[in-house]
Amino acid sequence: MAYSDKVLDHYNNPRNVGSLDKADPAVGTGIVGAPECGDVMKLQIKVNDSTGVIDEAKFKTFGCGSAIASSSLATEWLKGKTVDEALAIKNTDIVNELSLPPVKIHCSVLAEDAIKAAINDYKAKASTSKTAGVEA
Amino acid sequence: MQYFEALGLEPRLTLDAADLQQRFYQRSRQWHPDRFSTKSAPEQAQALEMTALLNDAFRTLRDPVARAEYVLSQNGLEASTQRGKDVPADLLEEVLDLNMALEEADHGQITRSLAQFEQMQAAVDSQLASQFAAWDAQPTPDTLQPVRASLNRRKYIANLVRDARKALDS
């Protein structure tokens, strides 16, 4: 099966590969996996405290070309969005942008799961630090 | 479960390979389409159908991983469904770290990593063997779920073994 040009572009020139400091309270980390193919995807966001906008997004994916392209595209879309806007990103948006065939749709689902996991992690951190602030 | 029934077996995760092959050969002879060439059209169709089923059943059941995946899928625990995605976060982090180490490793390190991955795979396989026995003794969702978790882990380790071998070949 042939990959679309956009998948190949992201696969050959992945955007935003790397890591952010997991311990930073402004950073949310999502690690998700697809056991049926053995893919693992880590996606991280860094949120600007005052604006609530995602300043930085990084990913590291071990998997097929579609999984890499889906997470690469996701990090591109995340930058500049607010957390709530980011939550509105759907796997179908990724499928359409990358023209993923039906057998690769689960790769886009993985990317959506990774976005949600990273945002949940960020929100959980933000709420604990606020609680800690009130108590202090 | 159709594949087990076709070979006259009770659904079991632990099977005797020689017995399985014998059952397959015996039933394949019995249903061989050549023996039905003078029979009626419905009988010929049935022979063809049975032969195809026996082939699928044997191919699936002779491999322990494929056999377990079949039993899991028949019990709503396919890897692709949400209930099947039983991958603990620490395993994913471990796999991520191992993959990253593999990316930066030299030949000697990869050789050592490969030995480590193969050891991990052997450990999962022996764990699977006892989980198979547990489900065979008491086929319940409680004894089947651990099989799902181990197969998920096995898939990740198998990929690491594959990637390490590929890195050594290149």
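Chain A carries an open sheet of 3 antiparallel strands, ordered β1-β2-β3. Strands here are DSSP E runs of at least two residues and helices are H or I runs of at least four, numbered from the N terminus, and two strands pair if DSSP finds at least two bridges between them. β1 (27-34) and β3 (54-62) of chain A sit at the edges, each pairing on one side only. From one strand to the next, the twist averages 15°.

This is a predicted model, where local features need pLDDT of at least 70, side-chain atom pairs count only at pLDDT 80 or more, and totals for chains, interfaces and linings use all residues. Residues are numbered from 1 along each chain as its sequence is written, with chains lettered from A and ligands numbered from 1 in the order in which they are written.

| Helix | Residues | Strands touched | Direction angle |
|---|---|---|---|
| α2 of chain A | 65-78 | β2 and β3 of chain A | about 175° with β3(A) |
| α5 of chain B | 89-104 | β1, β2 and β3 of chain A | about 90° with β1(A) |

Contact means C-beta atoms, placed from the backbone, within 7 Å; axes are lines fitted to C-alpha atoms, for helices over the stretch in contact, with angles from 0 to 180 degrees between N-to-C directions.

Back in the sheet, β2 (residues 39-47) and β3 of chain A pair over 8 bridges, and A:Leu43 has A:Phe59 in β3(A) as its bridge partner.

As for α2(A), 11 of its 14 residues are buried (20 or more other C-beta atoms, placed from the backbone, within 10 Å of their own), so the helix is largely enclosed by the rest of the structure. Among them are A:Ile68, A:Leu73 and A:Leu78. Just after α2(A), A:Gly80 takes a positive phi of about 90°.

Conventions: Two residues are in contact if their C-beta atoms, placed from the backbone, lie within 7 Å. A residue is buried if 20 or more other C-beta atoms lie within 10 Å of its own, exposed if 12 or fewer, and partly exposed in between; C-beta atoms are placed from the backbone.
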